[in-house]
Structure formats: structure tokens, C-alpha cells
Amino acid sequence: MARKGLIQREKKRQKLEHKYHLIRHSLKKEIRKVTSLSDKWEIYRKLQSPPRNSAPTRLRRRCFATGRPRANYRDFGLSGHRLCEMVHTCLLPGATRSSW
């Protein structure tokens with residue numbers, strides 16, 4: 001189980017990213033439209049003004065059940081360890097164990 005503080009920090013980043021998403025998106029559209037280099041630099045300066053944690057690249061996918069940051073499967077939102085446990089106990093419909 002991940003520390004509670006790390007999970008809360010990640011939730012805070014998600015809220016910030018959601019809050020500034022439209023602003024970032026509109027500024028990036030403006031950059032594509034503008035041809036003048038000085039105008040582009042001005043827009044880049046505006047793009048740097050929102051908080052750092054509002055950038056989508058700062059987000060990290062975490063396991064839904066445990067909060068583990070590594071080995072996550074996007075389809076299920078679970079880490080590999082928890083996914084394996086749930087498949088073995090038949091809690092995930094449609095997932096099958098490999099056998100050869």
C-alpha cells in the first residue's frame with residue numbers, strides 16, 4: 001500500500017490538471033496559429049505561468065486498489081500483483097489465466 005500522502009498528492013495534481021486543461025489547450029492552439037516569433041515567445045511565457053503540477057506529464061497512473069505507481073495495466077487500472085490475485089479468485093470477468 002502506498003503512503004496516503006503520495007496518493008493525496010496525486011489527487012491534487014489531477015485536480016490542478018483538470019482545472020488548467022482548457023487554458024493550456026487554448027494557448028497551444030494559439031501557438032499553432034501565430035506566425036510571428038515574438039508573439040510565440042509571449043504565448044510560451046503565458047503557458048509557463050500555471051502551476052507546475054497542472055501539467056499532464058506530471059501525472060502518474062496508480063493502482064486503483066493499492067495506490068502502487070508501477071506495473072499498472074490500463075485496461076483494469078490495477079497493478080500486476082493485484083491483477084494476478086483478482087484473476088486467480090475469479091473477480092475479473094473476461095480475464096483468463098494463461099496455461100500451456
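**Exercise 1. Determine which backbone atoms the side chain of Asn-72 reaches, and at what distances.**

Step 1. The side chain of Asn-72 comes to 2.8 Å from the backbone oxygen of Arg-61, and a polar atom of that side chain lies 3.3 Å from the backbone nitrogen of Cys-63. For a polar contact, a pair of N or O atoms must be within 3.5 Å; within protein, one must be able to donate a hydrogen and the other to accept it, and residues adjacent in sequence count only if both atoms are side-chain atoms.

Step 2. The model is predicted, so that local features need pLDDT of at least 70 and side-chain atom pairs count only at pLDDT 80 or more, whereas totals for chains, interfaces and linings use all residues. Residues are numbered from 1 along each chain as its sequence is written, and side-chain values use heavy atoms, with hydrogens and water left out.

**Exercise 2. Is Asn-72 buried or exposed, and which residues does it touch?**

Step 1. Asn-72 belongs to strand S1, residues 72–73 (strands are DSSP runs of E, at least two residues, and helices are runs of H or I, at least four, numbered from the N terminus).

Step 2. Asn-72 counts as buried because its relative accessible area is 15%, where buried means under 20%, exposed over 50% and partly exposed in between, with a 1.4 Å probe and protein chains only.

Step 3. Leaving out residues up to four places away in sequence, Asn-72 touches Arg-61, Arg-62, Cys-63, Leu-78 and Ser-79, contact being heavy atoms within 4.5 Å.

**Exercise 3. Classify the exposure of Glu-42 and locate this residue relative to Leu-22.**

Step 1. Glu-42 sits in helix H2, residues 37–47, and is classed as partly exposed because its relative accessible area is 37%.

Step 2. From Glu-42 to Leu-22 there are 20 residues in sequence and 18 Å in space, C-alpha to C-alpha.

**Exercise 4. Describe the interface between domain 1 and domain 2.**

Step 1. Domain 1 covers 1–59 and domain 2 covers 60–99, with bounds from an automatic or database domain assignment.

Step 2. Seven residues of domain 1 are in contact with six residues of domain 2, and the area buried between the domains is about 470 Å², 51% of it from carbon and sulfur atoms. Buried area is the accessible area (1.4 Å probe) that two parts lose on being put together, summed over both.

Step 3. Of the area that domain 1 buries against domain 2, Met-1, Ala-2 and Glu-10 supply 60%, more than any other three residues.
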